[in-house]
Amino acid sequence: MAKDADMQGADASGAPAAQDAVSHQDLYPSRVVLTTYPSQLGIDPVPLSWGAKTPAERGPVVVSRQQDNLGRRNAIGAGGGSYCIYRALAVAIGALAPNHRPDFDLTEPTNTIGPFASWLDPEKIVSLDPWGHATVEHYSEHIKQGIDVRPSTAITQAHIKLPEIDDAIRNGTLRCDGDIVTAGGELKVVKVASEPVWHLPGVAKRFGITEATLRRALFEDTGGMYPELITRPDLKVFLPPIGGLTVYIFGDPAHIPDPTKRLTMRVHDECNGSDVFGSDICTCKPYLIYSIEECAREAQNGGVGVVVYFRKEGRALGEVTKYLVYNARKRQEGGDTAANYFKRTELVAGVKDMRFQALMPDILHWLGVSRIDRFISMSNMKYEAIVDSGIEVVERVSIPADRMPADSKVEIEAKIADGYFTTGAVPTADELLAVKGRNWDEVPH
Ligand SMILES: [Zn+2]
């Protein structure tokens, strides 16, 4: 490995030598530890028993690599989901002390959720830490003793204001009740943000594969990022560097597990182009807005509404793949037809969808959901994952036709033909060829 003296010289291009704000030896005084082994001196993980009957027996998730915690880690990966990379950058440039410990004073949840029986079942919840919001409450002794325990879930409150909701109030489809919808047209919500925490044996079982296969694939396809996936079979918990989720609750969260209260729910997967920027090639934003309205109405009628928003952009294929597919769809012979909608995604990505909904119901079990009265979604994959996990779905509701953008018909008809839920007719192969999206030539550039 290069010494500092080598790294500080001018490079071959003649560019000025880089100057570290702090030497990396000051940041990281010990030798690089590439990986650890169960039998290594100083390895003594904090006990962690997934699905134990009390938070004390379960133990905190400890993933810190700070020097005094390296031997006490009981999880692989890094905290913060995908943001762990920005934390690394902050440390590297000297903006964040590598041994910084958070001050959790006043950060506790605004609302109580759970605990529910599902939290104590090692197989019901495998992709988030059911005690991740209550780490300070349950693990303050560990924190006092120097164990670097961090929350992976946070609960807060907010008001949200959306132009589409203002329109709904103006045209009378949603009323201001002064509580769920304020006189000023704001929606009151309780919000939960959660970062992924995977119990590897449970995740493997959910997908019907072995833990060894899961570990090897995670190791290989992250560029060998986490060698402990291979060297530490004793560590069963992995914090993956992927996006998390947000829950928006309309009405009283205590109504969610109450069988006498109605629940309207949408599980929404991120589509930045539509959700934020209003792209009209799909129905994502119209679905999201419609579900927010329906959730507010359910809460106004004495029930509760829940929108879960997953950071699984472009069917978890990402926006780059998504745009490549858009291009191929528009350029293919015969134009952008519903008949070729999934084929183009498969040609680019190898699969048509990587969201793999099997882990999705975990958050519903964390919220205490046992029945969904109105499920706002046409996705068969979401529906089947939820029902297979033991939650009853009473009614499936798809978006009213008058809320669909014209160019999104390709997506909708292709999905219906592929087995997505509809109360209408399933299109034939010939009909799919006739459902065409806009050509680029019609778009002003
Ligand atoms: Zn979309």
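I started with burial: 47% of the 445 residues of the protein chain count as buried, where buried means under 20% relative accessible area, exposed over 50%, and partly exposed in between (1.4 Å probe, protein chains only). I'm working on a predicted model, so I kept its rules in view: local features need pLDDT of at least 70, side-chain atom pairs count only at pLDDT 80 or more, and totals for chains, interfaces and linings use all residues. Residues are numbered from 1 along each chain as its sequence is written, and side-chain values use heavy atoms, with hydrogens and water left out.

**Overall fold**

I looked up the secondary structure next and got 18 helices and ten strands for the protein chain. These are DSSP runs numbered from the N terminus, helices being H or I with at least four residues and strands E with at least two. The radius of gyration is 24 Å, close to the 22 Å from the globule rule for 445 residues, so the chain is as compact as a globular protein of that length. For my own reference, that radius is taken over C-alpha atoms, and the rule is 2.2 Å times the number of residues to the power 0.38. The C-alpha trace spans about 65 × 60 × 45 Å along its principal axes.

I then checked contacts (heavy atoms within 4.5 Å). Among those between residues at least 6 apart in sequence, 72% join residues at least 24 apart.

**Zinc ion**

Which protein atoms are the donors of the zinc ion? I found SG of Cys271, Cys282 and Cys284, lying 2.2 Å from the ion. Donors here are N, O and S atoms within 2.8 Å of the metal (3.2 Å for Na, K and Ca), and since water is not among the atoms, sites may look incomplete. The donor spacing in sequence reads C-x10-C-x1-C. Cys271 sits in the loop between β7 (263-269) and α10 (272-275), and Cys282 in the loop between α10 and α11 (284-300), so this pair ties together parts that are eleven residues apart in sequence. Cys271 is buried at 4% relative accessibility, and Cys282 is buried too, at 6%.

**Helix α7**

I listed the buried residues of α7 (200-207): Leu200, Gly202, Val203 and Ala204. Their cover includes β4 (198-199), α8 (211-220), α9 (228-231) and β5 (237-239). Gly208 follows the helix, with a positive phi near 70°.

A reminder to myself: most residues other than glycine have a negative phi, and most peptide bonds are trans. Gly114 and Pro115 are joined by a cis peptide bond, with omega about 0°. I placed Pro115 in the loop between α4 (84-92) and α5 (135-144).

Ala316 has a positive phi near 65°; this alanine lies in helix α12 (313-316) and is partly exposed at 30%. Phe356 has a positive phi as well, near 40°. I found Phe356 in the loop between α14 (341-349) and α15 (361-367), partly exposed with a relative accessible area of 47%.

**Arg311**

Leaving out residues up to four places away in sequence, Arg311 touches Gly243, Gly244, Leu245, Thr246 and Glu270. I also checked Phe375, 64 residues from Arg311 along the chain, and their C-alpha atoms are 20 Å apart.
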